[in-house]
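User: I have a few quick questions about this model. Can you take me through some strands and the main pocket?
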Amino acid sequence: MAASCTLTVPAPFAASSSSSSSARRSRRFGVVAMASVGQKVYAPGVAVSEGNGGLPKISLKSPQGSEAEIYLFGGCVTSWKVPSGKDLLFVRPDAVFNGQKPISGGIPHCFPQFGPGAIQQHGFARNVNWSFTDSEVTEGDPAVTLELKDDSYSRSMWDFSFQALYKVVLHSTSLSTTLTITNTDDKPFSFNSALHTYFSASIAGVSVKGLKGSKTLNKDPDPKNPIEGKEERDEVTFPGFVDCVYLGAPSELTLDNGLGDKIVISNTNWSDAVLWNPHLQMEACYKDFVCVENAKIETVQLGPKESWVAKQKIELI
């Protein structure tokens, strides 16, 4: 279980007057690794506190008033509020914050496996503590970097040495993430990945635009034998259970969350998308969220010292 935090944080130091213009745009601040977070220096707009269940939580606040929260357990973004105070992400009411099972909601990681397979569902990255390694201010916006490396737990399932870096940047009306996977082993490995993003929604009014023409793997009615097809609709809606993979999806989708908000979900190098709503399988909350996920369903192969980088941006328009 993750250790508790020391809440007192000293004021951040100022950048040197001799810094270059690029350094002034992006100032870096030292932080401590792993889940035990003490008195360190963080960038303006970055704070660390004790979150639900005593788990360490990073809070970001932009000069424009937007906010985000990230738990070190699972490296999971659990909240993204625009300046109006509205949270555009969703955490399920059955989510637990005990450091023993993944946080159900926000933006969980799926790595090194998507869905069921040889190891635990969606891989182990969402079920372990990440390290908080860096904070900075990039053109006025707060940013943090988290890190995950192999250990005895991960190697018991997936016997490879790796490094995952996850950078989160909070802007006035958007949230950007960059995931970098590096093979630090002396042998090649392969993996799949996804950002299992839960958006707040009124499911009866939800639609997703931009998927027309994409190849589909529809997991309804049988997830073990998905039906291949092609998306013919301009707008995908959610009248019932939906669990569908879109291969070769476009780099930009538009979500109407049914609550009066439109969110552009863009990516670089994710290549695929997943839409999911459990309908009556989660009767208590299915009406209140939709998952629109950037994914890499096709296996990524990395040789020693090679890296794979994927970016996501979710923006209120």
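Analyst: Starting with a strand pairing: β19 and strand β22 (residues 307-316) are joined by six bridges and run antiparallel. The model is a predicted one.

User: Which residue in β22 stands opposite Thr268?
Analyst: Lys311 stands opposite Thr268 there.

User: How many bridges join β18 to β19, and do they run parallel or antiparallel?
Analyst: Strand β18 (residues 252-256) is joined to β19 by five bridges, and the two run antiparallel. Asp256 has Lys262 of β19 as its bridge partner.

User: What about the hairpin there, which residue takes a positive phi?
Analyst: Gly258 does, with phi near 75 degrees. The hairpin of β18 and β19 has five residues between the strands.

User: Why is β19 largely enclosed?
Analyst: Strand β19 covers residues 262-268, and five of its seven residues are buried, so the rest of the structure largely encloses it. Buried here means under 20% relative accessible area.

User: Switching to pockets. How much space lies in the largest pocket?
Analyst: About 660 Å³. Its lining takes in 28 residues, and those nearest the centre are Gly115, Pro116, Gln121, His122 and Lys219.

User: Which elements give two or more residues to that lining?
Analyst: Those are β17 (242-247), β20 (272-277) and β21 (289-302).

User: And how do the lining residues divide into nonpolar, polar and charged?
Analyst: The lining of the largest pocket has 14 nonpolar residues, seven polar and seven charged.

User: OK, Ile227. Where is it?
Analyst: Ile227 is in strand β15, which spans residues 227-230.

User: Why does Ile227 count as partly exposed?
Analyst: Because its relative accessibility is 47%, and partly exposed runs between the buried limit of 20% and the exposed limit of 50%.

User: What does Ile227 touch?
Analyst: Leaving out residues up to four places away in sequence, Ile227 touches Thr216, Leu217, Asn218, Asp220 and Pro221.

User: How far apart are Ile227 and Cys244?
Analyst: They are 17 residues apart in sequence, and their C-alpha atoms are 9.3 Å apart in space.

User: Last one, Gln163. Which strand is it in, and which side chain does it join through a polar contact?
Analyst: Gln163 is in strand β9, residues 162-170. Its side chain makes a polar contact of 2.7 Å with the side chain of Glu147.

User: What else does Gln163 touch?
Analyst: Besides Glu147, Gln163 touches Leu148, Lys149, Thr180, Ile181, Thr182 and Thr184, again not counting residues up to four places away in sequence.

Note on methods: Residues numbered from 1 in each chain as written. Predicted model: local features only at pLDDT ≥ 70, side-chain atom pairs only at ≥ 80, totals over all residues. Heavy atoms only, no water. Helix = DSSP H or I, 4+ residues; strand = E, 2+ residues; numbered from the N terminus. Polar contact = N/O pair within 3.5 Å; in protein donor to acceptor, adjacent residues only side chain to side chain. Contact = heavy atoms within 4.5 Å. Buried < 20%, exposed > 50% of the residue type's maximum accessible area, 1.4 Å probe, protein only. Pairing = 2+ DSSP bridges. 1 Å grid on protein atoms, 1.4 Å probe; cavity = no way out; pocket = protein on both sides within 12 Å on 5 of 7 lines; lining within 4 Å. Points joined across faces, edges and corners; volume = space filled by probe spheres on them. Nonpolar A, V, L, I, M, F, W, Y, C, P; charged D, E, K, R; others polar.
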